[in-house]
Each structure stands twice: as structure tokens, then as C-alpha cells.
Amino acid sequence: MTPEELGHALEGPRPLDAPAEAALAARVRADATAVTARVVELARSHDPMLAFKARSLAGRLEELVAGTLLDAPPPADAATAVWTATAATAATVALRARVAERVRGLLGDRRVLPAQPADTRVEEPVRPRRVCDEAYGLLRELLETGESRPALVMDRWAFIRLPEAERDAEIARVLAGQPFTRLLEDREA
Amino acid sequence: MTAPAVVAASRRTGEGDNTLIDPPEVRRIVLAQGIQFTREDSLKLYNDAVARNDAYETWYYRSILFPEGLVDRLPGLFAWELDGHHHALYLNLAQNVVYQIDLVEDKAAFRQALLTEGIAVIYNGHARYGRGPCFGPPGVFPGDDWENGSAPDTTGIFRMGYPFVGIPCHEIIGHGYHTTPLPATEPPPTREQCDPELRPHLGALQARRVSEMHADAMLVEHLADLFGVTPDSDERFWTFLAVEDQEHGREVHVVLYAGWENTPTAPADLGATDFACRMFCHFGCSTFQHNYHILRTWKGWKREGDDRLAYWQTDLAKPIGTNMFLSYLLTCPKRQDWQPWGDWAAYAVRQTNRELVAGGYGWRVI
């Protein structure tokens, strides 16, 4: 699929229907991973020099190759199995660090997100959300602070209900390297 | 005849009948739409948007309609109306499942669905600040359908909330429903008894007479009637001051009895209803915060292997997520007949959340 064909596929005033979007996603994914899949295939070559060069190249591709490594059938030999897991882990850890850096950078961004068009039937008021508010929740999720999923969701919800000054104070704490506050429990106490 | 002539629950109707063709599983989903979110309510908003030539709202209100919004997402869905009830069928050959979706819009039918073995039940509507799914006729009319129901079997709240909620006076006055505030002769509620929205205010509860709850004497009179006291009553109730929205500013919120068992709406409450359905989705606002622990911990309806699945929404939400979720259940790209439901539902959750993120919506399904 060419970039022009992709642009045409997304034209039109309405969202794609579910089967059409799934088919398009499958096609784009196949096209996008064709080259990385070949790299992974060559990285499993019985020719040691070819395998070395392909593995070295895969390392340079970083996060682009992580999914392809996992999509490929599990390798039969132990060394390749370990290399596959190691490469996928390294790529994922590097990507995670990049994302965390980007999200952390947004903690100082106090712009208010544009409000979604309202459905007047919603009975509670929509609370304005700032970029930094969203970043706080994302960072909390990304850093996996040992919270259970329910606790994380509860606290993100409680955070957005804090007055703006209290949200800013909590963000400042996190930027200063303090642990995230268990907001719901702490406020209940 | 009011019920569709299709089997009521997932079961292998033809197992062993034919060695060449696997008969598809029939999987039933009941979609329950609550007060102010009935098909007629949404259809009116859709027609108004068309009349105004408002392209966004025309798209939005059509997208939330059942079955039209689902048909748009799933060409091939067959929908029909029988005796005023809407239904849809969808055959997914890759899954080898025929889906039967039945729309219900009253509390009795909702409760019956919860009591039906092996089906999926999805509620789409108001959370009533955590009190529970709520049902009423089309149109926005003040009255008891916003609380215990003018006809409690079929309208009003199916209670599944914490014992106490804090509700702004304007909400009670605006909807005009009779309700039961917590008298200040009772001890203040404990944290564990309160909905999470109420907990931050527990340190600031104040006992107030109804005459002290609003500056407008006419509204005090109205509120007193709804509380079943006289406007000059000396009886005090637990309240707190908070800002619900800019329009009403800092106003009195009243601690109301809510609950999930032994409530005024019983047997239409969680305590008196032992779910037999296999999956329950409460797609109202912030239902994860309001109702998750009530169902899973207090009621004890815990997931058992691949049974008793439950899904919620994480924040204020619009009804646009429901047809998304349905469409992904129906199009999960793996064979599903007689298979466990966990991966099937997880796929729908994942894909719905992906679409909610793409649309910039502030809530997720969990």
C-alpha cells in the first residue's frame, strides 16, 4: 500500500466500519513489518556472519523491531531464544525510557485540553483537564509503582477531582522525586 | 408475543446433529438503556440535529442509536422491531457465533436479564451519582423515576451503590424526586459506608435544617416536600458545602441513603438479585469508582474462572462507547463458539479503549 493509497483509504466524512478498519490495519501492519520481519528472519540464519549482521542491524532498529521479534515463531535453539528475548527487552526498555522522558516533560504543561462536544444528558459536570493532569496519570501508569490496577484507576479519578492548586502540589512532589500519593486513601483519612 | 423466537442463552443446540457442519453458537446480549437514554430520547436528539443541519451531532446521535449506530459499524447486522421492542442478529462466520441482541428499557426487563443464565448484560445510561442503573419512560420529566421509581417494578433505580451518597440540592430539586436524607440524629457515616465522591467531605459534614439548605424559600418548600418534612421543620440532616458546577456555585449537598441491599427498591436491587448472567457491563459515568467494590466485594459476585465477567467505565462518559464495545464483541477475529469469554471480552475492552483514545475521550472501559 502506498502512502497515497493510505490517504485515500482514510478519506470520507464518517469513521470506517469495524471490519473495514480491521482489514486496513492488517494490511498496513503487514506492509510496515515486511522489512523488519525479514531482518528477524535473517537474524535466525544458520550462516553465523549473516545472523550476526542481521542481529546487529535489529539492535539499531530498536522499538521498530520489538513487535516483529515477538510475532515470529519461538526459535528452536536456546541461543536464538535468549537473543530474541534480550533484543525485545532492550528495545522495550529503551522505548519506555523515551516515553517516560516525554511524559515527564509534559508535567509542566498547564494548557487546558479542548473540551469534547457535550452530551447535555451527562449528569455531572465535565472537569477541565490540563496536559499536565493527563501526564501525571500516564506517568503513574507507565512507571508501574506497584499499585493494583483498581487502585491506579481510582487514584487517577481522585486526582482529577482535586482543586487545581492541590493537583499542582502533587505534580511538584513527583517532579521532586517523591512517590505518588495514594490520593483516595489519604484524602479519606 | 413479545419475546424474539431465538434461544435465550448460549448453548450448543445442535451438537452431534451433524458431523460436517458445526452449528454456530447463539450468544445473547441484552442491551439495557436507562432513563433519558432510551432509544426514543436519542432518536429525538438525532432528529433535532438533522433539522439543525448540525453535521457533528447528526453523526454523534446516530452513532449511539441502537440499532442504527451498530449497523453503521457492522454492515450485515440484521435489525428488526417486534411489538415495539428492538432486536438485532449478527452472524460472524469466523467466530461461528450468531449474536442476538435485545434492547430493553425498563427495570423489570433489566433485572430479568441479570437473572438469565449465560448471557451478557450491558447497561447504558445514568449512574445516578453511583446509586445504580436507572430507568424511566422517554422524555425528561421530574419525579420519582429519578430515585425509587413511580412504578418501582419497572422504573427508577436498580440500587447497587454504597450505603450513602452526597447529592447537590439542585439535582434533587431539578429532578423533583422524593428521597431519604440521613438525619443528624444518626451518627455521621463512616468512610467505608460512603461513595468515593462523598468521602473527601466527611470531615466537613454539618447538620442543617431544610430551611438552611437553600436561599430561595420556594425551593426550600419544594425540597421539604421531597424530604417528607415541613419547611420549618427543626429536623436536621447531614450535609456539606461543595461546588458541583459553575452554574450553581458553592451549594449544599445532602447525604442520602443509597445502598445495594434491603433498599426501598427491593427486589430490584443488587442484594435481592443473584446474577446468573455471565457478563455484566455498567456503562454509566465513573461506575468503576461507584459500583465495582459493591458488586465484587460487598455482594461477592467475583469472577470465577471464565464466568462472572464485569466491566465498567472509569470516568464521566457519554453513551458513545456502548456501540463501540458491542461492535468489537461481534467482530473479535477468532473462533468463539463454545470458547471461554475472557479473551473475547478483553479484545472488546482493548479495542474500545483504543478508539476512545483516538477520539480524545476522557474515560476508558475497565
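Let me begin where helix H2 of chain A meets helix H8 of chain B: Ala18(A), Pro19(A) and Ala22(A) on the one side face Ser327(B), Tyr328(B) and Thr331(B) on the other. Sorted by class, the residues of this contact are 4 nonpolar and 2 polar, with no charged residue. Please bear in mind throughout that this is a predicted model.

Two packed helices are described by the angle between their axes and the distance between those axes. For this pair, H2(A), residues 18-43, and H8(B) pack at about 65°, and their axes lie 10 Å apart. The crossing of H2(A) and H8(B) is right-handed.

On the chain B side, 33 residues are in contact with 22 residues of chain A. Which helices of chain B each supply at least two residues of the side that touches chain A? They are H2 (55-64), H3 (68-73), H7 (287-298) and H8 (320-331). In terms of class, this side of chain B is made up of 16 nonpolar, 9 polar and 8 charged residues.

I shall stay with H8(B), which also packs within its own chain. Its partner there is helix H9, residues 342-358 of chain B; the two axes come within 8 Å and cross at roughly 135°. H8(B) and H9(B) are therefore oblique to each other, and their crossing is right-handed. From H8(B), the contact draws on Gly321(B), Met324(B), Phe325(B), Tyr328(B) and Leu329(B). From H9(B), the contributors are Trp344(B), Tyr347(B), Ala348(B), Gln351(B), Thr352(B), Glu355(B) and Leu356(B). By class, the contact of H8(B) with H9(B) comprises 8 nonpolar, 3 polar and 1 charged residue. I would draw your attention to Tyr328(B), a residue of H8(B) that takes part in the contact with H9(B) and also in the contact with H2(A).

I turn now to the division into domains. Chain B is split into domain 1, covering 25-132 and 263-358, and domain 2, covering 181-257. Taken over C-alpha atoms, the centres of these two domains of chain B are 34 Å apart. In chain A, the assignment gives domain 1 as 3-97 and domain 2 as 131-188. Here, too, the separation of the domain centres over C-alpha atoms is 34 Å.

Next, the sheets of chain B. One of them is an open sheet of 7 strands, with mixed pairing, in the order S2-S3-S4-S1-S5-S12-S13. Why is one side of S2 and of S13 left without a neighbour in the sheet? Strand S2 (78-82) and S13 stand at the edges, and each has a single partner strand, so one side of each remains without a neighbour. On average, and ignoring direction, neighbouring strands of this sheet are turned by 15° against each other. Within the sheet, S3(B), residues 85-92, and S4(B), residues 97-104, run antiparallel and are joined by 6 bridges.

S10(B), residues 236-243, and S11(B), residues 250-257, pair in the antiparallel sense over 5 bridges. Within this pairing, Thr239(B) has Val254(B) in S11(B) as its bridge partner.

I shall finish with some backbone details in the loops of chain B. Where do we find cis peptide bonds? One joins Phe66(B) and Pro67(B), with omega about 10°; Pro67(B) lies in the loop between H2 and H3 of chain B. Another joins Ala266(B) and Pro267(B), again with omega about 10°. Pro267(B) is placed in the loop between S11 and strand S12 (279-283) of chain B. Lastly, Arg308(B) is a residue other than glycine with a positive phi, near 60°. Arg308(B) sits in the loop between H7 and strand S13 (309-312) of chain B.

Definitions and conventions. Residues are numbered from 1 along each chain as its sequence is written. Chains are lettered from A and ligands numbered from 1 in the order in which they are written. This is a predicted model: local features need pLDDT of at least 70, side-chain atom pairs count only at pLDDT 80 or more; totals for chains, interfaces and linings use all residues. Two residues are in contact if their C-beta atoms, placed from the backbone, lie within 7 Å. Helices (H or I, at least four residues) and strands (E, at least two) are DSSP runs, numbered from the N terminus. Ala, Val, Leu, Ile, Met, Phe, Trp, Tyr, Cys and Pro count as nonpolar, Asp, Glu, Lys and Arg as charged, and the others, Gly among them, as polar. Domain bounds come from an automatic or database domain assignment. Axes are lines fitted to C-alpha atoms, for helices over the stretch in contact, and angles run from 0 to 180 degrees between N-to-C directions. Angles under 35 degrees count as roughly parallel, over 145 as roughly antiparallel, 65 to 115 as roughly perpendicular and the rest as oblique. A crossing is left-handed if the near helix is turned anticlockwise from the far one by less than a right angle, and right-handed if clockwise. Two strands pair if DSSP finds at least two bridges between them.
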